[in-house]
Amino acid sequence: MTTPDLTGIRIIHRAMRGDLHRLVALTEAIGAGRTDVSPARATAIAHFVGQIRHTIHQHHTREDEIVWPLLERSAGTAVDLTDLSDDHSALDPLLAEMESAGRAFAANRDDIAPLAAAIRKLSELLDEHIEEEERRIFPVIAKYVTVADWERAETAIRKGGSIKFDLAWVSHYATPAELAHIRSKAGPIITLMIAMIRPGHRRRQQLIFGSIS
């Protein structure tokens, strides 16, 4: 491969957007009384919201610390990251608001409206941000960043993350072609790891989302 492999970041972007979309549908269904919520389900939803907050925060922080400097070194004046960095600053209070609303919902299952509103606001901003980032930044990476530099950046980005959570996202959101590509690079260990985490992930997802997709 002569240009950086963006498969991983494409999947993570798709997963962040996809799970927020699912949470928007779920919380609005709860608010409309279309699905019941047990204490265990409310707790699971709040925990999942916290995991999403942590993962999105880590992703954009790693972009600020690792990817943006790499792009500035590689592309120079060919890239302007100002507005994308501003988006990252705008995301943090929305992430905190969502997590706080999730804890409040776990404590009081009638308190769904603030959580639904917080998730929708975050989802709408993240959709716009990721679409713009992929439209503007992915071509810059392909043109100016070397394969070796991108691989080093990806390794640094993964540090501090949750391998189980990330693999669950890969399992859920990667296309068959993307999974085959990942397996060709990572070897059989990735298939074994996904198989190990998949049953627990499916149980948690069923508890959280039920029939709401």
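Predicted model: local features only at pLDDT ≥ 70, side-chain atom pairs only at ≥ 80, totals over all residues.
Local features were considered at pLDDT of at least 70 and side-chain atom pairs only at pLDDT 80 or more, whereas totals for chains, interfaces and linings use all residues. Residues are numbered from 1 along each chain as its sequence is written, and side-chain values use heavy atoms, with hydrogens and water left out.

Helices are DSSP runs (H or I, at least four residues) numbered from the N terminus. Trp 150, Ala 153 and Glu 154 of H5 are buried (under 20% relative accessible area, 1.4 Å probe, protein chains only). These residues cover an arc of only 100° around the axis, taken from the directions of the C-beta atoms, and therefore lie on the same side of H5. The buried residues of H5 pack against helices H1 (7-31), H2 (39-75) and H4 (113-144). Just after H5, Gly 160 adopts a positive phi of about 90°.

A nonpolar core is a set of buried Ala, Val, Leu, Ile, Met, Phe, Trp, Tyr and Cys residues joined through side-chain atoms within 4.5 Å. The largest such core has 45 residues, of which Ile 52, Met 98 and Leu 115 touch the most other members. H1 provides the largest share of this core, nine residues. Beyond its neighbours within four places in sequence, Leu 115 is in contact (heavy atoms within 4.5 Å) with Thr 27, Ile 45, Val 49, Met 98, Ala 101, Gly 102 and Phe 105. Another core, of 18 residues, lies apart from the largest one and includes Val 79, Leu 84, Val 140 and Ala 153.

Conventions: Buried < 20%, exposed > 50% of the residue type's maximum accessible area, 1.4 Å probe, protein only. Helix = DSSP H or I, 4+ residues; strand = E, 2+ residues; numbered from the N terminus.
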